[in-house]
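I opened my notebook to look up a few things in this structure. I wrote down each answer as I found it.

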Amino acid sequence: MSIPSKDLATTPGPTAPSKAPNQHLRRNPPIAGETDAIQKAQAGDAASFEMLYALHKRRVYSLCLRMLGNVAEAEDLTQEAFLQLYRKIATFRGDSAFSTWLHRLAVNVVLMHLRKKGLPQVSLEETLEPSQEDGPRKDIGARDLTLSGSVDRVTLERAIENLPPGYRLVFVLHDVEGYEHNEIAGMLECSIGNSKSQLHKARMKLRDLLKSGQRKEAVL
Amino acid sequence: MSNVRKAANGSTVDCAVFQDQLPSLFESGKDLNMQPHLKTCENCSALVRDLEYIAQQAKLLLPIHDPSPEVWENIQTALKKEPSRSK
């Protein structure tokens with residue numbers, strides 16, 4: 001998997017996992033020609049809409065795939081997100097970056113989909129209040145392998161897929177997509193404190209998942 | 001004599017208190033290595049290193065890859081059924 005240099009260039013330092021200094025640039029790097037394409041697409045220009053799709057399809061699809069963990073569903077919801085974009089693009093006023101606006105739209109599409117499925121684990125209320133056994137245990141006195149430098153991206157992607165849905169949503173939105181807790185709280189209709197708490201639990205759970213994977217590898 | 005209880009595994013209740021504070025400590029953006037507890041607790045130091053590492057690695061995950069070409073084909077088909085917005 002290749003990483004665009006613009007993403008690597010703004011990677012935060014090791015001591016600030018929650019506050020990246022150039023986070024807004026990382027998430028919303030300037031895109032040449034985007035402003036013009038937005039205006040033309042708002043006026044109904046098909047080629048400009050196609051350009052916006054080409055510019056943003058990868059990030060919208062990545063967001064859907066990470067939040068859902070299923071390629072077919074992620075593609076369906078990518079399609080639905082861009083159809084909604086077509087219907088709503090005339091309402092975009094530039095109050096926020098276009099990519100932020102589009103991502104919020106995509107997140108809402110995913111959340112609506114999860115609610116429609118009606119499965120217990122995708123009830124938003126429930127996913128944001130996981131059962132106690134899903135919560136982080138205190139890591140007191142354990143002596144075990146440390147993770148640093150040992151986890152490749154494929155392994156991390158798999159571990160994220162195995163997070164409980166509520167944890168996964170907050171982790172993807174904050175740590176992968178770079179949203180702030182107040183933005184996440186707005187999207188998920190929860191408190192900022194809840195978003196922070198879920199993020200911490202998600203990281204703790206990921207640590208457990210990654211360590212258990214390492215233990216299995218060590219045994220083999 | 002210190003009133004900090006020591007567990008059989010060598011840890012103290014300080015660890016529980018410290019870990020309860022971790023979400024807000026991370027969110028503060030401060031250098032956690034300066035936290036007094038980490039100077040004496042190898043276990044919590046490892047925990048902090050791991051959580052920081054996970055957060056760093058997550059930031060490298062963007063993006064995955066493109067959706068299949070069928071997605072755009074389906075969008076185009078659906079758009080043909082939408083009312084035109086051309087001025």
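**Entry: a helix pair across two chains.** I looked at how H5(A) and H4(B) cross, and the crossing is right-handed. I was working with a predicted model. I then looked up how the pair is described. Two packed helices are described by the angle between their axes and by the distance between those axes.

**Entry: chain A as a whole.** I went through the elements of chain A and found 11 helices and zero strands. Chain A has 220 residues, and 39% of them count as buried. Next I checked contacts between residues at least 6 apart in the sequence of chain A. Of these, 63% join residues at least 24 apart.

**Entry: two domains.** I looked up the domain assignment of chain A. Domain 1 is 32–117, and domain 2 is 121–135 + 148–220. How many residues does each domain give to the contact? I noted 11 from domain 1 of chain A and 10 from domain 2 of chain A. On the domain 1 side, helix H4 (46–68) and helix H6 (98–117) of chain A each give two or more residues. H6(A) gives the most to that side, with seven residues. By class, the domain 1 side divides into five nonpolar, two polar and four charged residues.

**Entry: one glycine.** I picked A:Gly44 next. It sits in the loop between helix H3 (34–42) and H4 of chain A. Is A:Gly44 buried, exposed or partly exposed? I found 15 other C-beta atoms within 10 Å, so A:Gly44 is partly exposed. A buried residue needs 20 or more, and an exposed one has 12 or fewer. I also checked A:Gly44 against A:Ala90. They are 46 residues apart in sequence. In space, they are 9.0 Å apart, C-alpha to C-alpha.

Definitions and conventions. Residues numbered from 1 in each chain as written. Chains lettered and ligands numbered in written order. Predicted model: local features only at pLDDT ≥ 70, side-chain atom pairs only at ≥ 80, totals over all residues. Helix = DSSP H or I, 4+ residues; strand = E, 2+ residues; numbered from the N terminus. Contact = placed C-beta atoms within 7 Å. Domains from an automatic or database assignment. Nonpolar A, V, L, I, M, F, W, Y, C, P; charged D, E, K, R; others polar. Left-handed = near helix turned anticlockwise from the far one by under 90°.
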